[in-house]
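Biologist: I am new to this structure and would like to learn how to read it feature by feature. Could we begin with the terms, and then go to the cases?

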Amino acid sequence: MNITNKLALDPVTQVPQIDAYMRYALIAAEEMVGKQALEIMLHKNGMQRFISNYPPDKIKLSTDFTHKDYANLCTALIEFYGEAGKDESIRFGRIATKPALAKQGVFFNVASRTAIKFLPLSLQIKTVLESIKNDLEKLYKEIDHDVSVSIEDRGDKWAYIDRSCALCAGKETDVPICWGWVGTLSESLNWLTGKEFEIDQVECRAMGEKACVWEICKTAKK
Ligand SMILES: [Zn+2]
């Protein structure tokens with residue numbers, strides 16, 4: 001696998017990232033590779049300004065950095081881990097999602113969490129996916145940015161479709177690389193249902209597709 005920067009401008013690279021999400025991602029990366037390796041990684045990828053300077057723990061759009069920075073961090077981690085890049089990126093996604101879920105209300109409020117548990121499992125999954133989509137739409141509404149996320153019923157799977165994926169913004173490669181989002185979806189679904197699901201990325205913008213697409217099995221792993 002070889003990840004390069006797209007020659008043509010990818011407009012998704014200019015979409016502002018959310019302060020707290022970048023913070024959680026940096027803390028997760030630090031926890032995984034250690035402070036020193038992360039500093040080297042940030043240096044190598046033109047992200048020196050984040051060294052010992054993580055964004056505030058605020059769920060709001062940043063004025064200082066964009067999806068481009070987020071994609072740089074995600075792909076730097078993939079390169080750091082080499083062969084283990086996929087598994088470690090999923091782990092990274094899960095670690096980075098925990099603090100957002102701990103805030104309860106980033107994705108779901110407590111009352112709805114209890115109510116959702118009475119739904120059939122497939123609808124619980126759909127609710128989680130829609131909550132993520134709705135929260136992103138709410139956040140990006142202030143700058144009139146269409147987050148371009150849709151949820152599709154594909155029989156025994158749900159598809160989460162993102163036309164402005166932050167994980168691969170401006171990148172080019174020959175295999176899907178947005179495994180961090182597999183971790184985010186897994187952690188969010190587990191938080192609500194207590195179960196694990198098979199999740200696969202089946203399309204990737206970095207491969208020239210219009211959207212990044214993840215398919216989530218409607219039944220839990222045994
Ligand atoms: Zn992507």
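Modeller: Let us begin with accessibility: a residue counts as buried under 20% relative accessible area, as exposed over 50%, and as partly exposed in between, using a 1.4 Å probe and protein chains only. Asp146, at 54% relative accessibility, therefore counts as exposed. This is a predicted model, in which local features need pLDDT of at least 70 and side-chain atom pairs count only at pLDDT 80 or more, while totals for chains, interfaces and linings use all residues. Residues are numbered from 1 along each chain as its sequence is written, and side-chain values use heavy atoms, with hydrogens and water left out.

Biologist: Where is Asp146 found?

Modeller: Asp146 is found in the loop between helix 6 and strand 4, where helices (H or I, at least four residues) and strands (E, at least two) are DSSP runs numbered from the N terminus.

Biologist: How is a pair of packed helices described?

Modeller: Two packed helices are described by the angle between their axes and the distance between the axes. The axes are lines fitted to C-alpha atoms, for helices over the stretch in contact, and the angles run from 0 to 180 degrees between N-to-C directions. Here helix 1 (residues 19-33) and helix 2 (residues 35-44) pack at an angle of about 125°, with their axes 7 Å apart. Angles under 35 degrees count as roughly parallel, over 145 as roughly antiparallel, 65 to 115 as roughly perpendicular and the rest as oblique, and helix 1 and helix 2 are therefore oblique to each other.

Biologist: Which residues of helix 1 and helix 2 meet?

Modeller: With contact meaning heavy atoms within 4.5 Å, Leu26, Ala29, Glu30 and Val33 in helix 1 meet Lys35, Ala37, Leu38, Met41 and Leu42 in helix 2. The residues of this contact divide into seven nonpolar, no polar and two charged; Ala, Val, Leu, Ile, Met, Phe, Trp, Tyr, Cys and Pro count as nonpolar, Asp, Glu, Lys and Arg as charged, and the others, Gly among them, as polar.

Biologist: What is a disulfide, and how many does a search of the whole structure find?

Modeller: A disulfide is a covalent bond between the sulfur atoms of two cysteines. The search looks for a pair of cysteine sulfur atoms within 2.5 Å, and over the whole structure it finds zero disulfides. Cys168 is buried, with a relative accessible area of 0%, and Cys212 is also buried, at 0% relative accessibility. Cys178 touches both Cys168 and Cys212, and its other contacts, not counting residues up to four places away in sequence, include Cys165, Cys204 and Trp214.

Biologist: Is Ala206 buried or exposed?

Modeller: Ala206 is buried, with a relative accessible area of 2%, and is found in the loop between strand 7 (197-203) and strand 8 (212-220). Not counting residues up to four places away in sequence, Ala206 touches Cys168, Lys171, Glu172, Thr173 and Ile177. The C-alpha atoms of Ala206 and Ile3, 203 residues apart along the chain, are separated by 8.6 Å.
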